[in-house]
Amino acid sequence: MSVLLLQPLPPNFSSLPHPKTRPRPRVPSPPAQNSITTPPPRKSTPFIVSAASNSRTTRIEDDYHSTLRSLNSKGRFPRKSLGQHYMLNSSINEQLAGVADVKEGDVVLEIGPGTGSLTNVLVSAGATVLAIEKDPHMAALVTERFASIDRVKVNYTFCLYIRLENILALLAGKMRIRLRPNMFCRTMQVLQEDFTKCHIHSHLISLGGCQKSLDGESRYAKVVSNIPFNITTDVVKLLLPMGDIFSNVVLLLQEETALRLVNSSLRTSQYRPISIFINFYSDPEYMFKVPRSNFFPQPNVDAAVVRFRLKQTADYPPVSSTKTFFSMVNSAFSGKRKMLRRSLQHICTSPEIEAALENVGLPATSRPEELTLDNFVKLHNLVTKT
(Lines give C-alpha, C1' and ligand atoms only; values in the text may rest on other atoms or scores of the structure.)
Protein backbone atom coordinates (compact mmCIF):
# COMPACT_ATOMS: atom_id res chain seq x y z
CA MET A 1 0.00 0.00 0.00
CA SER A 2 1.48 3.36 -0.94
CA VAL A 3 1.90 6.22 1.49
CA LEU A 4 0.94 9.69 0.28
CA LEU A 5 3.16 12.72 0.76
CA LEU A 6 1.46 15.59 2.61
CA GLN A 7 2.88 18.89 1.39
CA PRO A 8 2.08 22.38 2.75
CA LEU A 9 0.49 24.91 0.43
CA PRO A 10 2.81 27.59 -1.00
CA PRO A 11 2.68 31.00 0.69
CA ASN A 12 0.91 32.73 -2.23
CA PHE A 13 -1.34 29.87 -3.18
CA SER A 14 -4.25 32.17 -4.05
CA SER A 15 -2.17 34.09 -6.56
CA LEU A 16 -1.07 31.05 -8.55
CA PRO A 17 -2.43 30.73 -12.09
CA HIS A 18 -5.12 28.20 -12.89
CA PRO A 19 -3.67 24.74 -13.69
CA LYS A 20 -5.10 24.96 -17.22
CA THR A 21 -3.13 28.14 -17.95
CA ARG A 22 0.09 26.91 -16.44
CA PRO A 23 2.69 26.13 -19.15
CA ARG A 24 3.65 22.52 -19.57
CA PRO A 25 7.21 21.82 -18.33
CA ARG A 26 9.75 21.14 -20.99
CA VAL A 27 11.00 17.57 -20.97
CA PRO A 28 14.64 17.26 -22.06
CA SER A 29 15.41 14.57 -24.60
CA PRO A 30 17.53 11.66 -23.34
CA PRO A 31 21.18 11.56 -24.43
CA ALA A 32 22.30 9.24 -27.20
CA GLN A 33 23.21 5.73 -26.11
CA ASN A 34 26.89 6.03 -27.01
CA SER A 35 27.37 9.66 -25.93
CA ILE A 36 29.37 10.61 -22.85
CA THR A 37 27.66 13.01 -20.50
CA THR A 38 28.77 14.74 -17.31
CA PRO A 39 26.64 14.07 -14.22
CA PRO A 40 24.42 17.14 -13.59
CA PRO A 41 25.25 19.27 -10.54
CA ARG A 42 23.39 18.36 -7.40
CA LYS A 43 20.56 20.75 -6.55
CA SER A 44 20.40 22.22 -3.09
CA THR A 45 16.61 21.75 -2.78
CA PRO A 46 15.89 19.75 0.40
CA PHE A 47 13.94 16.56 0.07
CA ILE A 48 12.10 13.92 2.01
CA VAL A 49 11.52 10.31 1.11
CA SER A 50 8.17 8.56 1.34
CA ALA A 51 7.16 4.98 0.68
CA ALA A 52 5.22 6.24 -2.35
CA SER A 53 7.85 8.47 -3.93
CA ASN A 54 11.57 8.46 -4.66
CA SER A 55 11.62 11.98 -6.11
CA ARG A 56 13.11 15.14 -4.68
CA THR A 57 10.55 17.59 -3.33
CA THR A 58 10.17 20.20 -0.63
CA ARG A 59 10.92 18.72 2.79
CA ILE A 60 7.88 18.17 4.99
CA GLU A 61 8.20 19.81 8.40
CA ASP A 62 8.02 17.46 11.40
CA ASP A 63 5.59 18.78 14.00
CA TYR A 64 3.18 17.54 16.65
CA HIS A 65 0.68 16.08 14.19
CA SER A 66 3.24 14.35 11.98
CA THR A 67 4.90 12.88 15.07
CA LEU A 68 1.60 11.47 16.30
CA ARG A 69 0.84 10.07 12.84
CA SER A 70 4.22 8.33 12.78
CA LEU A 71 3.70 6.79 16.21
CA ASN A 72 0.08 5.79 15.51
CA SER A 73 1.08 4.15 12.26
CA LYS A 74 3.01 1.60 14.30
CA GLY A 75 0.73 1.60 17.33
CA ARG A 76 3.52 3.01 19.46
CA PHE A 77 3.72 5.48 22.33
CA PRO A 78 6.78 7.05 24.03
CA ARG A 79 8.44 4.70 26.51
CA LYS A 80 9.53 6.34 29.74
CA SER A 81 12.04 3.55 30.44
CA LEU A 82 13.93 4.55 27.27
CA GLY A 83 13.69 8.28 27.98
CA GLN A 84 11.83 8.93 24.72
CA HIS A 85 10.89 12.58 24.16
CA TYR A 86 10.36 13.46 20.51
CA MET A 87 11.27 16.85 19.04
CA LEU A 88 8.30 18.76 17.60
CA ASN A 89 10.10 21.84 16.29
CA SER A 90 11.89 21.47 12.96
CA SER A 91 13.73 24.77 13.45
CA ILE A 92 15.47 23.31 16.52
CA ASN A 93 16.67 20.41 14.38
CA GLU A 94 17.93 22.90 11.79
CA GLN A 95 19.86 24.73 14.52
CA LEU A 96 21.36 21.46 15.76
CA ALA A 97 22.67 20.70 12.28
CA GLY A 98 23.89 24.28 11.97
CA VAL A 99 25.87 24.14 15.22
CA ALA A 100 27.66 21.03 13.90
CA ASP A 101 28.15 22.73 10.51
CA VAL A 102 26.74 19.70 8.70
CA LYS A 103 27.52 19.92 5.00
CA GLU A 104 27.07 17.73 1.97
CA GLY A 105 29.40 14.73 2.12
CA ASP A 106 29.70 14.70 5.92
CA VAL A 107 29.30 11.43 7.81
CA VAL A 108 27.02 11.99 10.81
CA LEU A 109 26.20 9.69 13.70
CA GLU A 110 22.74 10.11 15.24
CA ILE A 111 21.87 8.37 18.50
CA GLY A 112 18.18 7.67 19.04
CA PRO A 113 16.57 8.97 15.81
CA GLY A 114 13.04 8.36 17.11
CA THR A 115 10.58 9.25 14.35
CA GLY A 116 13.37 10.59 12.14
CA SER A 117 12.72 14.34 12.43
CA LEU A 118 16.40 15.23 12.97
CA THR A 119 17.44 12.49 10.55
CA ASN A 120 15.33 14.20 7.91
CA VAL A 121 17.26 17.47 8.34
CA LEU A 122 20.65 15.73 8.26
CA VAL A 123 19.84 13.76 5.11
CA SER A 124 18.44 16.87 3.44
CA ALA A 125 21.75 18.63 4.15
CA GLY A 126 23.48 15.95 2.07
CA ALA A 127 25.04 14.03 4.96
CA THR A 128 25.57 10.28 5.13
CA VAL A 129 23.73 9.31 8.32
CA LEU A 130 24.34 6.37 10.63
CA ALA A 131 21.35 6.20 12.98
CA ILE A 132 21.50 3.91 16.01
CA GLU A 133 18.18 3.14 17.69
CA LYS A 134 17.68 0.81 20.66
CA ASP A 135 13.89 0.50 20.32
CA PRO A 136 13.24 -2.09 17.57
CA HIS A 137 9.85 -0.56 16.71
CA MET A 138 11.29 2.93 16.19
CA ALA A 139 14.23 1.49 14.24
CA ALA A 140 11.71 -0.16 11.90
CA LEU A 141 9.78 3.12 11.59
CA VAL A 142 12.87 5.13 10.62
CA THR A 143 14.07 2.41 8.26
CA GLU A 144 10.71 2.44 6.48
CA ARG A 145 10.59 6.24 6.32
CA PHE A 146 13.97 6.50 4.61
CA ALA A 147 13.86 3.20 2.74
CA SER A 148 14.01 4.78 -0.71
CA ILE A 149 17.33 6.54 -0.08
CA ASP A 150 18.99 3.42 1.34
CA ARG A 151 20.85 2.96 -1.90
CA VAL A 152 24.38 2.93 -3.27
CA LYS A 153 25.69 6.21 -4.60
CA VAL A 154 28.87 7.18 -6.41
CA ASN A 155 30.96 9.95 -4.92
CA TYR A 156 31.87 12.02 -7.97
CA THR A 157 33.93 14.43 -5.85
CA PHE A 158 36.61 11.72 -5.63
CA CYS A 159 38.03 12.96 -8.93
CA LEU A 160 38.52 16.47 -7.54
CA TYR A 161 41.13 15.29 -5.04
CA ILE A 162 43.58 13.90 -7.62
CA ARG A 163 46.57 16.18 -7.98
CA LEU A 164 48.82 16.38 -11.03
CA GLU A 165 51.76 14.79 -9.23
CA ASN A 166 49.55 11.85 -8.26
CA ILE A 167 48.50 11.36 -11.87
CA LEU A 168 52.17 11.37 -12.95
CA ALA A 169 52.98 8.88 -10.18
CA LEU A 170 50.20 6.62 -11.41
CA LEU A 171 51.48 6.75 -14.96
CA ALA A 172 55.02 5.95 -13.77
CA GLY A 173 53.76 2.98 -11.77
CA LYS A 174 54.95 4.47 -8.47
CA MET A 175 51.51 4.81 -6.96
CA ARG A 176 48.37 2.69 -6.71
CA ILE A 177 44.81 3.66 -5.90
CA ARG A 178 42.88 1.32 -3.68
CA LEU A 179 39.13 1.77 -3.79
CA ARG A 180 37.70 2.31 -0.32
CA PRO A 181 34.17 1.78 0.97
CA ASN A 182 33.53 5.54 1.22
CA MET A 183 33.67 5.87 -2.58
CA PHE A 184 30.55 3.74 -2.89
CA CYS A 185 28.47 4.16 0.24
CA ARG A 186 24.95 4.31 1.55
CA THR A 187 23.41 7.69 2.29
CA MET A 188 21.44 6.28 5.21
CA GLN A 189 21.83 3.32 7.55
CA VAL A 190 19.76 2.42 10.60
CA LEU A 191 21.12 0.03 13.22
CA GLN A 192 18.88 -1.49 15.87
CA GLU A 193 21.42 -1.60 18.71
CA ASP A 194 22.14 -0.27 22.17
CA PHE A 195 24.63 2.53 21.50
CA THR A 196 26.45 1.95 24.77
CA LYS A 197 27.30 -1.60 23.63
CA CYS A 198 27.91 -1.27 19.88
CA HIS A 199 31.24 -1.11 18.03
CA ILE A 200 30.98 2.35 16.59
CA HIS A 201 34.41 2.34 14.91
CA SER A 202 33.61 -0.55 12.59
CA HIS A 203 30.20 0.88 11.65
CA LEU A 204 31.65 4.27 10.75
CA ILE A 205 34.50 2.80 8.74
CA SER A 206 31.94 0.93 6.63
CA LEU A 207 30.29 4.29 5.87
CA GLY A 208 33.58 5.97 5.00
CA GLY A 209 33.97 8.07 8.14
CA CYS A 210 37.37 9.55 9.00
CA GLN A 211 39.10 8.54 5.79
CA LYS A 212 42.04 10.32 4.21
CA SER A 213 41.65 11.82 0.78
CA LEU A 214 44.45 11.70 -1.78
CA ASP A 215 45.69 15.13 -0.73
CA GLY A 216 46.41 13.77 2.76
CA GLU A 217 43.66 15.66 4.58
CA SER A 218 41.52 13.64 6.99
CA ARG A 219 37.76 14.05 7.07
CA TYR A 220 36.25 13.41 10.45
CA ALA A 221 32.71 12.32 11.18
CA LYS A 222 30.33 14.30 13.39
CA VAL A 223 27.74 13.48 16.03
CA VAL A 224 24.39 15.29 16.09
CA SER A 225 21.81 13.80 18.45
CA ASN A 226 18.81 14.43 20.64
CA ILE A 227 19.71 11.75 23.17
CA PRO A 228 17.62 10.36 26.03
CA PHE A 229 18.47 12.34 29.16
CA ASN A 230 19.04 9.18 31.21
CA ILE A 231 22.09 8.04 29.18
CA THR A 232 23.91 11.39 28.97
CA THR A 233 26.92 10.41 31.07
CA ASP A 234 27.38 7.08 29.27
CA VAL A 235 27.21 8.75 25.85
CA VAL A 236 29.66 11.50 26.82
CA LYS A 237 32.17 9.02 28.22
CA LEU A 238 32.01 6.89 25.07
CA LEU A 239 32.17 9.69 22.49
CA LEU A 240 34.66 12.23 23.80
CA PRO A 241 37.75 9.97 23.65
CA MET A 242 36.98 9.32 19.94
CA GLY A 243 38.82 12.34 18.60
CA ASP A 244 40.41 10.05 16.02
CA ILE A 245 37.08 9.75 14.15
CA PHE A 246 34.89 12.64 15.34
CA SER A 247 35.54 16.38 15.11
CA ASN A 248 32.35 17.74 16.72
CA VAL A 249 29.81 16.21 19.08
CA VAL A 250 26.57 18.20 19.31
CA LEU A 251 24.08 16.90 21.87
CA LEU A 252 20.67 18.03 23.08
CA LEU A 253 20.76 17.48 26.85
CA GLN A 254 18.83 18.33 29.98
CA GLU A 255 19.63 21.98 30.68
CA GLU A 256 20.81 21.42 34.24
CA THR A 257 23.18 18.71 33.02
CA ALA A 258 24.41 20.89 30.17
CA LEU A 259 25.28 23.73 32.54
CA ARG A 260 27.05 21.34 34.90
CA LEU A 261 29.14 19.80 32.14
CA VAL A 262 30.18 23.11 30.61
CA ASN A 263 30.29 25.66 33.42
CA SER A 264 31.76 23.60 36.26
CA SER A 265 33.75 25.82 38.61
CA LEU A 266 36.23 25.02 41.34
CA ARG A 267 34.98 24.65 44.91
CA THR A 268 31.38 23.95 43.82
CA SER A 269 29.15 20.91 44.11
CA GLN A 270 29.08 20.67 40.30
CA TYR A 271 32.83 20.10 40.07
CA ARG A 272 33.21 16.33 39.64
CA PRO A 273 35.41 13.75 37.87
CA ILE A 274 33.26 14.12 34.74
CA SER A 275 34.34 17.78 34.62
CA ILE A 276 37.99 16.73 34.44
CA PHE A 277 37.13 14.07 31.86
CA ILE A 278 35.29 16.47 29.54
CA ASN A 279 37.99 19.13 29.54
CA PHE A 280 40.71 16.50 29.09
CA TYR A 281 39.20 15.27 25.81
CA SER A 282 37.32 18.30 24.47
CA ASP A 283 36.49 22.00 24.53
CA PRO A 284 32.81 22.19 25.58
CA GLU A 285 30.51 25.09 24.74
CA TYR A 286 26.93 25.83 25.80
CA MET A 287 25.03 26.88 22.66
CA PHE A 288 21.35 27.64 23.38
CA LYS A 289 18.37 26.69 25.52
CA VAL A 290 15.44 24.58 24.26
CA PRO A 291 12.16 25.02 26.19
CA ARG A 292 10.39 21.83 27.28
CA SER A 293 7.31 22.75 25.21
CA ASN A 294 9.19 21.62 22.07
CA PHE A 295 9.00 17.93 23.07
CA PHE A 296 6.36 15.21 23.09
CA PRO A 297 5.68 14.08 25.69
CA GLN A 298 6.69 17.25 27.48
CA PRO A 299 9.45 16.57 30.06
CA ASN A 300 9.58 18.20 33.47
CA VAL A 301 12.74 20.16 32.62
CA ASP A 302 14.07 22.33 29.82
CA ALA A 303 16.85 21.21 27.51
CA ALA A 304 19.96 22.80 26.03
CA VAL A 305 22.39 22.18 23.19
CA VAL A 306 26.08 21.63 23.93
CA ARG A 307 28.89 21.37 21.40
CA PHE A 308 32.05 19.44 22.25
CA ARG A 309 35.02 20.14 19.98
CA LEU A 310 37.06 16.97 20.35
CA LYS A 311 40.82 17.15 20.80
CA GLN A 312 43.31 15.07 18.87
CA THR A 313 45.59 12.70 20.76
CA ALA A 314 48.52 15.10 20.34
CA ASP A 315 46.49 17.80 22.12
CA TYR A 316 45.66 15.75 25.22
CA PRO A 317 47.30 16.85 28.49
CA PRO A 318 50.65 15.05 28.87
CA VAL A 319 50.08 12.07 31.17
CA SER A 320 51.98 8.80 31.14
CA SER A 321 48.73 6.79 31.23
CA THR A 322 45.15 7.98 30.87
CA LYS A 323 43.97 4.90 32.74
CA THR A 324 46.02 5.62 35.86
CA PHE A 325 45.27 9.35 35.57
CA PHE A 326 41.49 8.97 35.70
CA SER A 327 41.82 6.26 38.33
CA MET A 328 43.63 8.80 40.51
CA VAL A 329 41.01 11.49 39.79
CA ASN A 330 38.15 9.14 40.71
CA SER A 331 39.93 8.15 43.93
CA ALA A 332 40.48 11.80 44.80
CA PHE A 333 36.75 12.57 44.47
CA SER A 334 35.58 9.40 46.23
CA GLY A 335 35.88 11.34 49.47
CA LYS A 336 35.25 14.83 48.17
CA ARG A 337 35.76 16.62 51.47
CA LYS A 338 38.81 14.53 52.29
CA MET A 339 42.27 15.96 51.84
CA LEU A 340 44.23 14.41 48.98
CA ARG A 341 46.95 13.22 51.32
CA ARG A 342 44.33 10.86 52.78
CA SER A 343 42.23 9.90 49.75
CA LEU A 344 45.33 9.02 47.68
CA GLN A 345 47.14 6.98 50.34
CA HIS A 346 46.67 3.79 48.32
CA ILE A 347 48.92 5.30 45.62
CA CYS A 348 51.74 6.55 47.81
CA THR A 349 52.39 7.78 51.35
CA SER A 350 50.96 10.99 52.77
CA PRO A 351 54.37 12.75 52.98
CA GLU A 352 54.98 11.97 49.29
CA ILE A 353 51.57 13.39 48.34
CA GLU A 354 52.18 16.52 50.40
CA ALA A 355 55.55 17.02 48.71
CA ALA A 356 53.97 16.58 45.28
CA LEU A 357 51.24 19.12 46.09
CA GLU A 358 53.80 21.66 47.25
CA ASN A 359 55.80 21.04 44.08
CA VAL A 360 52.67 21.87 42.05
CA GLY A 361 52.25 25.07 44.08
CA LEU A 362 49.33 23.90 46.21
CA PRO A 363 49.00 23.61 50.00
CA ALA A 364 49.51 20.19 51.56
CA THR A 365 45.90 20.30 52.83
CA SER A 366 44.37 20.59 49.34
CA ARG A 367 41.07 18.88 48.49
CA PRO A 368 40.04 17.60 45.01
CA GLU A 369 37.54 20.41 44.30
CA GLU A 370 40.42 22.90 44.57
CA LEU A 371 42.52 21.41 41.74
CA THR A 372 42.25 22.34 38.07
CA LEU A 373 42.82 19.89 35.22
CA ASP A 374 46.39 21.13 34.89
CA ASN A 375 46.94 20.65 38.63
CA PHE A 376 45.72 17.05 38.45
CA VAL A 377 47.97 16.35 35.47
CA LYS A 378 51.07 17.68 37.26
CA LEU A 379 50.16 15.86 40.48
CA HIS A 380 49.66 12.58 38.61
CA ASN A 381 53.01 12.84 36.83
CA LEU A 382 54.81 13.56 40.11
CA VAL A 383 53.04 10.83 42.08
CA THR A 384 53.56 8.12 39.46
CA LYS A 385 57.32 8.84 39.43
CA THR A 386 57.70 8.25 43.16
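A crossing of two helices is called left-handed if the near helix is turned anticlockwise from the far one by less than a right angle. Keep that in mind for α7 and α9, whose crossing is left-handed. What you have here is a predicted model, and its protein chain has 13 helices and 13 strands. The tour below starts with the whole chain, moves through the sheet and its helices, and ends with a few single residues.

**The chain as a whole**

- The protein chain has 386 residues, and buried ones make up 44% of them.
- If you take the contacts with a separation of 6 or more, 73% of them link residues 24 or more positions apart.

**The seven-stranded sheet**

- Seven strands make an open sheet with mixed pairing, and the order to trace on screen is β6-β3-β2-β9-β10-β13-β11.
- The edges belong to β6 (188-192) and β11 (282-290); each has a single partner strand, so one side of each has no neighbour in the sheet.
- Going from one strand to the next, the twist averages 20°.

**Parallel pairs in the sheet**

- Strand β2 (residues 107-111) runs parallel to β9 (residues 221-226), and two bridges join them. Look for Val108, which stands opposite Lys222 in β9.
- β2 also runs parallel to β3, this time with five bridges. Here Leu109 stands opposite Leu130 in β3.
- Strand β3 (residues 128-133) is mostly covered, with six of its six residues buried. Thr128, Leu130 and Ile132 point one way from β3, while Val129, Ala131 and Glu133 point the other way, and all are buried.

**Antiparallel pairs in the sheet**

- β10 and β13 run antiparallel and are joined by seven bridges. Val249 stands opposite Phe308 in β13.
- β11 and β13 run antiparallel too, joined by eight bridges. Phe288 has Val305 in β13 as its bridge partner.
- β13 itself is mostly covered: seven of its eight residues are buried.

**Helices on the sheet**

- Helix α2 (residues 90-99) lies across β9, β10 (246-254), β11 and β13 (303-310), and it runs at about 160° to β11.
- Helix α8 (residues 255-262) packs on the sheet as well, touching β10, β11 and β13, and its direction makes about 150° with that of β11.

**The α7/α9 crossing**

- Two packed helices are described by the angle between their axes and the distance between the axes.
- For helix α7 (residues 232-239) and helix α9 (residues 273-281), the axes come within 10 Å and cross at roughly 35°.
- On the α7 side, Thr233, Val236 and Lys237 do the touching, and they meet Ile274, Phe277 and Ile278 in α9. By class, this contact of α7 with α9 has four nonpolar, one polar and one charged residues.
- An α-helix has 3.6 residues a turn, so residues three or four places apart point the same way.

**A covered helix, α3**

- Helix α3 (residues 117-124) is mostly covered, with eight of its eight residues buried. Among them are Leu118, Val121, Leu122 and Val123, along with Ser117 and Ser124.
- Gly126 follows α3 and has a positive phi, near 95°.

**Asn294, a buried loop residue**

- Asn294 sits in the loop between β11 and β12 (295-296).
- Is Asn294 buried or exposed? Its relative accessibility is 12%, so it counts as buried, given that buried means under 20%.
- Leaving out residues up to four places away in sequence, Asn294 touches Tyr86, Met87, Leu88, Asn89 and Ile92.
- Asn294 and Ile92 are 202 residues apart in sequence, yet 8.6 Å apart in space, C-alpha to C-alpha.

- Asp101 is a residue other than glycine with a positive phi, near 55°. You'll find Asp101 in the loop between α2 and β2, where its 43% relative accessibility makes it count as partly exposed.
- Arg267 is not a glycine either, and its phi is positive at about 60°. Arg267 lies in the loop between α8 and α9, and it is exposed, with a relative accessible area of 59%.

Note on methods
Residues numbered from 1 in each chain as written. Predicted model: local features only at pLDDT ≥ 70, side-chain atom pairs only at ≥ 80, totals over all residues. Heavy atoms only, no water. Axes fitted to C-alpha atoms, helices over the stretch in contact; angles between N-to-C directions. Helix = DSSP H or I, 4+ residues; strand = E, 2+ residues; numbered from the N terminus. Contact = heavy atoms within 4.5 Å. Nonpolar A, V, L, I, M, F, W, Y, C, P; charged D, E, K, R; others polar. Buried < 20%, exposed > 50% of the residue type's maximum accessible area, 1.4 Å probe, protein only. Pairing = 2+ DSSP bridges.
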